[in-house]
Amino acid sequence: MQPPLVAVEHLLRSDPFTIATWNVNSIKVRAEAVLEWLKQGQCDILLMQELKSIDENFPLDAFHAAGYEVHVHGQKTYNGVAIASRLPLTLRQKGLPFLDSDSDKDDPQARYIEVEYKQFIIGCLYLPNGNPVMTDGNLSEKFHYKCRWMDRLNQHAAALNMLNRPVILAGDYNIIPDAKDCYDINAWQGDALHHPDTLKRWRQLSYSGYTDAWRALHPAKTAYSFWDYQGGAWQKDNGIRIDHFMLNAEAADRLLDTDIDKTPRGKDRASDHTPVWCRFSENIPSSD
DNA sequence: ATGCCATGCTCCGCATGA
């Protein structure tokens, strides 16, 4: 009589859950579309970037009414990140730690927010674009900032990985990892999204133990998460894959599935990005 | 090399994005 009870108990203890990341390009303009997408009921935790809003103007009431609590790290006009969740989260921090070599330990750009759900640590990030790479024959301040920001992310990712907990670092990385992640990589050679200096830092994140979840489960596929508003990029499918889930080993072991939901990008007044999601099991799935 | 398109802010042109 015991075995069926044990099996049921196991299911109750390890509910799978889904995290998505979506650069919404203004929460004010996109709130309705985001809530409509959440209403489908498949997303438990949504990581958002490019709110372009201060904390006070985030449409909290509408998210609460839909059953989601929200942690916001906003900023006027630019950047801004938030995490909406129908599972109970604890806020860990807003902003990334600085490097010892950073002379200025201040950064007004709201690009990182981190929470935990049970044993999972979840970071939501909006990595700087970094273009133009050059100004007046020298590497630009914007490109330099992107490289420094990636150094800060990598340092923080390595520190989190020491905790022996599942770590999920997801968001708009503004990195095209490979030719397969682009309609025409030649058009992007030397761009800040596919530049030797930023690709090197992207690889450093892999070397320190983090895996690109979507690429791991779709090794030979081409799919995109961003299509420019300009030049009919969506209609021509001139996209790039720049929104990523990077998972440490403990998180990768719990990954059940991942994909990109193209549907929102095809709607009226869409963001130029579309959601990418990952489904996780709370415990490491056993093969028996 | 740049515009294309979209967004926010201070205004009706500019900065930013990728």
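In which loop is Pro 132 found? Pro 132 sits in the loop between strand 7 and strand 8 (134-135), where helices (H or I, at least four residues) and strands (E, at least two) are DSSP runs numbered from the N terminus. The peptide bond that leads from Asn 131 into Pro 132 is cis, with omega near 0°. As background, most residues other than glycine have a negative phi, and most peptide bonds are trans.

The model described here is predicted: local features need pLDDT of at least 70, side-chain atom pairs count only at pLDDT 80 or more, and totals for chains, interfaces and linings use all residues. Residues are numbered from 1 along each chain as its sequence is written, while chains are lettered from A and ligands numbered from 1 in the order in which they are written.

Asn 79, in the loop between strand 3 (69-73) and strand 4 (81-85), has a positive phi of about 60° although it is not a glycine. Asn 79 counts as buried because it has 20 C-beta neighbours inside 10 Å; a residue is called buried if 20 or more other C-beta atoms lie within 10 Å of its own, exposed if 12 or fewer, and partly exposed in between, with C-beta atoms placed from the backbone. Asn 174 belongs to the loop between strand 10 and helix 5, and its phi is positive too, at about 50°. With 27 C-beta neighbours inside 10 Å, Asn 174 is likewise buried.

Helix 4 comes next. Phe 143, Lys 146, Trp 149, Met 150, Leu 153, His 156, Ala 157 and Leu 160 are the buried residues of helix 4. They cover an arc of only 145° around the axis, so they lie on the same side of helix 4, the arc being that of the directions from the helix axis to the C-beta atoms. Exposed Glu 141 and Ala 159 are carried on the face turned away from that buried side. The buried residues of helix 4 pack against strand 7 (120-126), strand 9 (138-139), strand 10 (167-172) and helix 5 (196-207), where contact requires C-beta atoms, placed from the backbone, within 7 Å.

Thr 198, Arg 201, Trp 202 and Leu 205 are buried in helix 5. Seen down the axis, these buried residues fall within an arc of 100°, so they line one face of helix 5. Pro 196, Lys 200, Arg 203, Ser 206 and Tyr 207 are exposed on the other side. The cover over the buried residues of helix 5 includes helix 4 and strand 14 (243-247). Just after helix 5, Gly 209 takes a positive phi of about 110°.

Helix 2 (residues 27-38) includes Lys 28. The end C-alpha atoms of helix 2, which has twelve residues, are only 14 Å apart, short of the 16 Å that a straight helix would reach at 1.5 Å a residue. Ile 27, Arg 30, Val 34, Trp 37 and Leu 38 are buried in helix 2. They cover an arc of only 85° around the axis, which puts them on the same side of helix 2. Strand 2 (45-49) is included in what covers these buried residues. Lys 28, by contrast, counts as exposed, with 12 C-beta neighbours inside 10 Å. Leaving out residues up to four places away in sequence, Lys 28 touches Ser 53 and Asn 57.

Lys 52 and Lys 28 are 24 residues apart in sequence and 8.1 Å apart in space, C-alpha to C-alpha.

Conventions. Two residues are in contact if their C-beta atoms, placed from the backbone, lie within 7 Å. The expected span of a helix is 1.5 Å times one less than its number of residues.
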